[in-house]
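I opened this notebook page to record a search for charged side-chain pairs. The entries below follow the order in which I looked them up.

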Amino acid sequence: DTTDSVKTYEDMKTMDKNTFSIMVCQSVLNPKFAPEGGCILSFTSMYGSDVWGDVEVEDYVATKNKIAVRMMNDMKEKMGVDIAPYVEEMCVASPWTMARYTGNPEGCVYGYETKDWDAMMARMMMIGYDYPIKHLRPIGAAGPQGDGYSSTYIVGDMFAKIVLREM
């Protein structure tokens with residue numbers, strides 16, 4: 001809705017104002033990812049505080065489905081693509097789902113927000129010390145460069161080279 005990152009950041013701390021979403025269509029890169037004639041598409045949103053902790057158990061399913069519909073409607077409005085008539089199957093997950101099935105702390109799939117004392121520079125300086133298990137390195141959003149797809153790719157490449165050199 002805006003290029004104002006401060007507003008987006010503040011809106012991500014609420015359930016109703018948060019319109020941030022990421023859409024990935026895995027079938028574009030790998031057409032065989034889905035059965036012939038179909039595709040697999042995922043939407044992700046992030047919340048900057050524990051707004052899911054305020055959701056009552058009896059409202060849980062309705063809340064996560066409302067957010068899923070909102071993301072599809074946002075895609076229709078902003079991109080002019082209406083996927084709703086083509087959805088055959090949909091799975092809607094929340095941080096509660098991720099915590100239960102993946103074991104991610106607090107259901108956080110993107111890592112956590114870095115602070116001044118734990119930002120990228122400090123993490124990069126500790127690469128030689130932070131990983132006590134030989135040849136084992138975390139390649140995710142909670143890694144040395146922090147959150148983000150590009151950071152995860154860069155760290156994966158970097159750690160692969162480090163481990164190969166160690167081996």
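The entries that follow concern salt bridges in this predicted model.

Entry 1. I searched the whole structure for salt bridges, and the search returned 5.

Entry 2. I next asked where the two residues lie in the chain. K66 belongs to helix 3, which covers residues 60-79, whereas D16 sits in the loop between helix 1 (5-11) and strand 1 (22-25). The two are 50 residues apart, and the pair thus links distant parts of the chain. I also checked the accessibility of D16: its relative value is 54%, and D16 counts as exposed because the cut-off is over 50%.

Entry 3. I turned to K76, which forms a salt bridge with D82. The closest N and O atoms of this pair are 3.7 Å apart. Are the partners buried or exposed, or something in between? K76 has a relative accessibility of 43% and counts as partly exposed. D82 is also partly exposed, at 31%.

Entry 4. I examined K161 and D157, whose side chains meet in a salt bridge with an N to O distance of 2.9 Å. How many residues separate them in helix 6? They are 4 residues apart in that helix (residues 149-166), so about one helical turn lies between them. For D157 I noted a relative accessibility of 41%, which places D157 in the partly exposed class.

Methods. Residues are numbered from 1 along each chain as its sequence is written. This is a predicted model: local features need pLDDT of at least 70, side-chain atom pairs count only at pLDDT 80 or more; totals for chains, interfaces and linings use all residues. Side-chain values use heavy atoms; hydrogens and water are left out. A salt bridge is a side-chain nitrogen of Lys or Arg within 4 Å of a carboxyl oxygen of Asp or Glu. Buried means under 20% relative accessible area, exposed over 50%, partly exposed in between (1.4 Å probe, protein chains only).
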